[in-house]
2 protein chains.
Amino acid sequence: MNSFSVTILGSSSALPTAQRFPTSQVVRFNEQLFLVDCGEGAQIQLRKFGFKMGRINHIFISHLHGDHIYGLPGMISSLVLYGKKGELHIHAHSDLQLMMEGMMKFMNEITDLKVIYHPLNFRRTSVIFEDRKIRITSFPLKHRVSCCGFLFQELPTELHLDKHALERYDVPVSQRSNIKNGADLILAGGSVIPNKELTLPANPTRSYAFCTDTIFKKDIVSIIAGADLLYHEATFSGDLADLARKTFHSTSVQAAELAKLAGVKKLVIGHFSSRYKSVSSLLEEARAIFPETLAANDGDCYDL
Amino acid sequence: MNSFSVTILGSSSALPTAQRFPTSQVVRFNEQLFLVDCGEGAQIQLRKFGFKMGRINHIFISHLHGDHIYGLPGMISSLVLYGKKGELHIHAHSDLQLMMEGMMKFMNEITDLKVIYHPLNFRRTSVIFEDRKIRITSFPLKHRVSCCGFLFQELPTELHLDKHALERYDVPVSQRSNIKNGADLILAGGSVIPNKELTLPANPTRSYAFCTDTIFKKDIVSIIAGADLLYHEATFSGDLADLARKTFHSTSVQAAELAKLAGVKKLVIGHFSSRYKSVSSLLEEARAIFPETLAANDGDCYDL
């Protein structure tokens with residue numbers, strides 16, 4: 001099975017606290033590390049939690065607010081100092097490139113790293129990365145500025161061969177790869193053994209949905225439906241729904257309602273306002289609606 | 001006596017580690033906080049070590065390398081979110097303003113904070129701040145880009161009145177303030193009592209010198225002479241003197257030699273290369289030359 005996990009690098013909202021850095025996460029899929037948002041100090045957290053920064057080739061930036069991007073100049077600067085070569089792909093609003101070019105000219109190091117910017121589409125759901133094993137999709141959220149969520153979907157693996165059927169029909173080795181990919185078996189006499197008699201189901205595919213910053217947005221339910229893990233912002237507790245609406249954020253109650261509507265397996269809430277010294281009340285009110293809720297802490301790792 | 005202390009927010013060189021943030025320090029003088037350099041995460045360290053960020057009105061930036069400035073956008077953004085009003089003075093190379101304006105336009109918050117940039121003079125020693133109690137001077141260092149050190153000097157306090165003399169000469173209250181400032185006493189009959197018979201010496205004045213990043217630079221000795229505390233970079237151990245020279249940095253041996261030449265009371269070395277998991281060998285070789293040496297750790301506070 002592919003290893004697939006999410007580690008929280010920062011779980012605070014705009015103001016970091018002594019315990020919570022601003023937003024950033026690492027999605028680990030086998031040997032690949034995907035960075036989602038890059039708040040100040042993300043590179044420090046990566047080192048603290050034992051990640052090899054050089055394995056990051058793709059960075060996804062939900063929106064251009066400081067608490068989601070101010071870690072980028074230091075991150076890239078350090079990647080250059082570590083001697084990273086090749087390409088680094090940054091998927092973000094096109095304005096990011098302007099900002100970064102202003103910052104990076106003070107880096108002043110010789111670099112073999114080519115930073116490639118890919119503009120996100122903030123109007124419609126778009127596949128922004130895909131290889132044989134994983135697909136990453138951006139989808140519009142609704143915040144004060146253009147903002148996207150990201151869906152990480154493991155792609156179906158090959159079917160498993162049924163050992164007993166292989167023996168029974170004496171399946172030649174040359175055909176096994178085709179059968180794993182769904183082909184039927186045609187015997188020497190011309191009779192056909194259907195694939196389902198030869199195989200067992202593939203591993204179930206898993207998915208992770210990242211949703212921050214956003215107002216409660218019901219129409220994303222169809223996109224994130226059934227996700228194994230949903231990270232949804234819960235900047236405020238339920239009693240501050242008016243403030244949440246006004247600032248285009250969500251409450252813990254709304255995050256839980258969305259998780260329930262989407263039928264996800266597990267919800268992690270985060271992006272907490274620094275006004276909450278403890279987030280236990282936010283967690284409790286979310287659990288009352290959606291019991292499988294956890295509150296993010298920096299350093300927490302969720303295996304899918 | 002004025003309270004006067006230095007707290008290390010970051011003691012790493014270009015690459016932060018899990019234990020050491022990039023360069024930043026707070027000089028506390030009574031109720032004023034002066035920030036010296038602002039590497040990534042400085043605002044997080046300030047919160048962690050219990051400082052009230054709103055008390056920072058002056059930031060001094062030695063030079064425009066990322067590990068000394070990438071914490072500025074987040075710092076200013078957070079000051080705005082905290083509702084800081086009035087003026088924030090940033091003393092730095094004039095190019096900093098260009099970079100910051102590119103970053104700050106993504107902050108997108110309404111602000112009552114006016115950021116005022118003051119260009120440093122990288123050619124000669126210059127007084128950059130002075131009030132009744134403290135004077136701050138910049139002086140040229142030698143690095144790959146224009147770079148300054150900073151000297152914080154407590155100004156002489158008033159003389160102390162000698163209680164016995166006050167009684168002996170029945171000094172009127174109206175004259176005491178003048179006497180504290182050095183005036184002689186003229187008695188009714190016209191005879192003069194010299195000030196030195198009426199007063200005891202003022203508190204000794206203290207000073208703190210900050211020197212990073214720089215090649216070994218002997219000509220700063222006259223500027224920092226006799227400082228109570230010298231922070232000097234020691235990026236490398238003595239065996240890497242060639243690399244230090246090539247990268248315009250110093251070794252721990254050179255930092256100690258400079259401290260000895262300048263006759264400072266105490267040396268703190270910092271800005272350690274991330275290659276050193278432990279800096280005890282750097283500390284040992286510095287102490288062999290200048291025994292009153294300490295190795296900086298994030299969070300260390302030195303009272304002057």
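Predicted model: local features only at pLDDT ≥ 70, side-chain atom pairs only at ≥ 80, totals over all residues.
Q: Which element does K246(B) lie in?
A: Helix α8 of chain B, residues 241–246.

Q: OK, what are the confidence numbers like for chain A?
A: Mean pLDDT for chain A is 94, and 98% of its residues reach 70 or more. For the model, ipTM comes out at 0.88 and pTM at 0.91.

Q: How is chain A divided into domains?
A: There are two of them: domain 1 covers 4–157 plus 203–303, and domain 2 covers 160–200. Taken over C-alpha atoms, the centres of domain 1 and domain 2 of chain A are 43 Å apart.

Q: What does the C-alpha trace of chain A span along its principal axes?
A: About 75 × 55 × 35 Å. Chain A contains ten helices and 18 strands, and 46% of its 304 residues are buried.

Q: What share of the contacts in chain A comes from residues 24 or more positions apart?
A: Among contacts with a separation of 6 or more, 64%.

Q: Switching to the pair, what rotation superposes chain A on chain B?
A: A rotation of 180° with 0.0 Å of shift along its axis does it, at an RMSD of 0.1 Å. That is how a two-fold axis relates copies.

Q: Which residue of chain A comes closest to the rotation axis?
A: G41(A), whose C-alpha is 2.7 Å from it.

Q: Why say the copies meet through the same surface?
A: Because 100% of the interface residues of chain A are also interface residues in chain B.

Q: Back to α3, but in chain B: how many of its residues are buried?
A: Eight of the ten residues in α3(B), 72–81, so the helix is mostly covered. The buried ones are L72(B), P73(B), G74(B), M75(B), I76(B), S77(B), S78(B) and V80(B).

Q: What covers the buried residues of α3(B)?
A: The cover includes α2 of chain A, along with β3 (32–38), α1 (42–48), α2 (66–69), α4 (95–104) and β6 (113–119) of chain B.

Q: Which residue with a positive phi follows α3(B)?
A: G83(B), with phi near 85°.

Q: Last topic, the largest nonpolar core. Which residues touch the most other members?
A: L230(A), L267(A), L230(B) and L267(B), in a core of 148 residues.

Q: What does L267(B) touch, leaving out residues up to four places away in sequence?
A: L267(B) touches L230(B), H232(B), A255(B), A256(B), A259(B), A286(B), F290(B), E292(B) and T293(B). As a general point, nonpolar side chains tend to be buried together in soluble globular proteins.

Technical notes: Residues numbered from 1 in each chain as written. Chains lettered and ligands numbered in written order. Least-squares fit on C-alpha atoms with pLDDT ≥ 70 in both. Contact = placed C-beta atoms within 7 Å. Domains from an automatic or database assignment. Helix = DSSP H or I, 4+ residues; strand = E, 2+ residues; numbered from the N terminus. pLDDT = per-residue confidence, 0-100. Core = buried A, V, L, I, M, F, W, Y, C linked by C-beta atoms within 7 Å. Buried ≥ 20, exposed ≤ 12 C-beta atoms within 10 Å, placed from the backbone.
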